[in-house]
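Subject: Model handover

Hello,

Here is the model for your files. Please look it over before reading my notes below.

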Amino acid sequence: MRIEIMQWDSGQPLAGDYSDRFEKTSAFFDYNPSDADCWEARAAWIDRERIHGADRARLAEALRRFNERAGASAEALRSIELLKDSRTLCIVGGQQASLFTGPLLVIYKAITLIRAAREASEKLGRPVVPVFWIAGEDHDFDEVNHVTVLTADQQLQKIKLQHPTGLRTSVSRTPISPEQWGEVLAALEQTLMPTEFKDGLMEVLRSSTDGAVSLTDSFARLLSAWFGRDGLVLVDSDDPELRRLESPMFRLLAEQSNSINEALLRGQDKLRAAGYVPQAEVSGNGANLFVFDEQGERILLYADGEGGYTDRKGERRFSREQLLQWAEEAPERLSNNVMTRPLMQDYLFPVLGTILGPSEIAYWALTREAFHTVGMRMPIVLPRLGFTLVEGTIQKNMQKYGLAIDDALYRLDEKQQAWLREQDQLQLDARFAEVKEQFRASYEPLIGAMAAINPGLQKLGETNLGKIIEQIDFLQHKADDGLRAQYEAGLRQFARIGLSLLPDSKPQERVYNLLAYLNKYGNGWIRELVEVPLPLDGKHRICYM
């Protein structure tokens, strides 16, 4: 597989500056990842100054149970055992638990975790474990219940699970029935073309759903199957055993919720003053915590100004004492939001670095002062590796039409129109333009002359001219349609290039799932991305398969 770096606009100016012009963003982060000394500095802080942290032995036991249920490999279990050692550090990153692992970027994040942990271990001469944080506590089911595939007739199609209950609860608590699993597996099997890899892939997918009671279960099994050999450790943020370990931190977050939110608001103001648009909006009275009510609904909390908390509409109230009691006795009733999740992650794990995508880097920039407020420091922020896969048939079509990768990604419509004009042997655009110009030149003087007979005739003539030009345009459109029909095969190839590389005008890694690629090529390309030397520089890469 040939890999090239390309300039890529992620749409997040702050993330771009973080990778390329760190000095512009240094006020929002504690470590510069391009500084060779940052690894030792962060490790030293964890060893000597970290005051909040979960019990390593209990953490390892909770992780062992969850990973064994996910089919953990011997290498993953060894990584978990290493966490008991005070010298062991972690590289952590994660994503929501999505159907069949969701978009490709999830896989790229796992690959980056593994690579970063290896690199850090070599630099520091001590164990560094990759940890994938499965955000099972998130409740946006519609965001994670589908995979997008490209059909044989070049249409984007979603294969998805329907919400079984409609309850706004965590994905890990949303039950998926065997019948639902069967439906999405059947739809996927029908979509995937017959290949030498299909039977084996479907067997892995069936195994991941057999007895799985949630998207989190299946998601964890697939990551374990594909990356367990690399020592990747999985954690479900909604694991009840993990919640019990988080009890002291939940108490701290509840006790200092006002101070934490004030710190986040200061971070938001600093971002705006620096010319950036905050990725996440911090509410003036946000508590940055969720609670699960008696029915299991996940409710975001807001300070009510009287020492307690309410939901967004102010219809349900929870006292401060109730939150503190739940933190002690029923921590499974509590859940982090996007702003306090980084703090909880740092409490649970000795986080050397965290792997983030562009949008995540942008919202983590809000959290530096919140970390400091609770006596923590931000871990090293490492940009996730990003890739665009270019299949062999796409490469051939690009070569056929003289398209560079920049052309295919940014100028495809323009290049297609230029190619189509080249095929126009009759030079229809020029000839129709000439006819219209000649007609106007002959007809407009006649219209002007008629005004001397009757002023009303001039207006009638102008209307008549417009109708005739409209009919010429109509004929031109029909001629264009005929030309496009004549070269339909070429236009389909242009369309296939666009759908493959930038589906729905979005980055490939945010739309397509990896299963179609595994079905065509096996998993050798994944292993290559894990092993091939690539700097963690935040650059986007084109992979020619």
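R2 is found in strand β1 (residues 2-6). Helices here are DSSP runs of H or I with at least four residues, strands are runs of E with at least two, and both are numbered from the N terminus. The model is predicted: local features need pLDDT of at least 70, side-chain atom pairs count only at pLDDT 80 or more, and totals for chains, interfaces and linings use all residues. Residues are numbered from 1 along each chain as its sequence is written, and side-chain values use heavy atoms, with hydrogens and water left out.

Back to R2. Its relative accessible area is 43%, so R2 is partly exposed. The cut-offs: buried is under 20% relative accessible area, exposed is over 50%, and partly exposed is in between (1.4 Å probe, protein chains only). Leaving aside neighbours within four places in sequence, R2 is in contact (heavy atoms within 4.5 Å) with Q395, I542, C543 and Y544. The side chains of R2 and E4 make a polar contact of 2.4 Å. A polar contact is a pair of N or O atoms within 3.5 Å; within protein, one must be able to donate a hydrogen and the other to accept it, and residues adjacent in sequence count only if both atoms are side-chain atoms.

Next, the sheet. Five strands form an open sheet in the order β6-β3-β2-β12-β13, with parallel pairing. β6 and β13 (380-383) each have a single partner strand, so one side of each is left without a neighbour in the sheet. Neighbouring strands are turned by 30° against each other on average, direction ignored. Two strands pair if DSSP finds at least two bridges between them. Seven bridges join the parallel strands β2 and β3. I91 has P130 in β3 as its bridge partner.

Two helices lie across this sheet. α3 lies across β3 and β6, at about 100° to β6. α14 lies across β2, β3 and β12 (351-356), at about 140° to β3. Axes are lines fitted to C-alpha atoms, for helices over the stretch in contact, and angles run from 0 to 180 degrees between N-to-C directions.

Now α3 itself. R56, L59, A60, A62, L63, F66 and N67 are buried in α3. These residues cover an arc of only 165° around the axis, so they sit on the same side of α3. The arc is that of the directions from the helix axis to the C-beta atoms. Their cover includes α4 (74-82), α9 (215-227) and α10 (240-245). At the start of α3, a side-chain oxygen of D55 comes to within 3.2 Å of the backbone nitrogen of A57. G71 follows α3 and has a positive phi, near 80°.

Which loop holds E137? It is the one between β3 and α6 (141-144). E137 counts as buried because its relative accessibility is 0%. The side chains of E137 and R243 are joined by a polar contact of 2.7 Å.

Last, two backbone points to check. F100 has phi near 50°, a positive value in a residue other than glycine. F100 is buried, at 1% relative accessibility. N288 also has a positive phi, near 60°. N288 is in strand β7 (residues 286-292) and is buried, at 5% relative accessibility.

Best wishes
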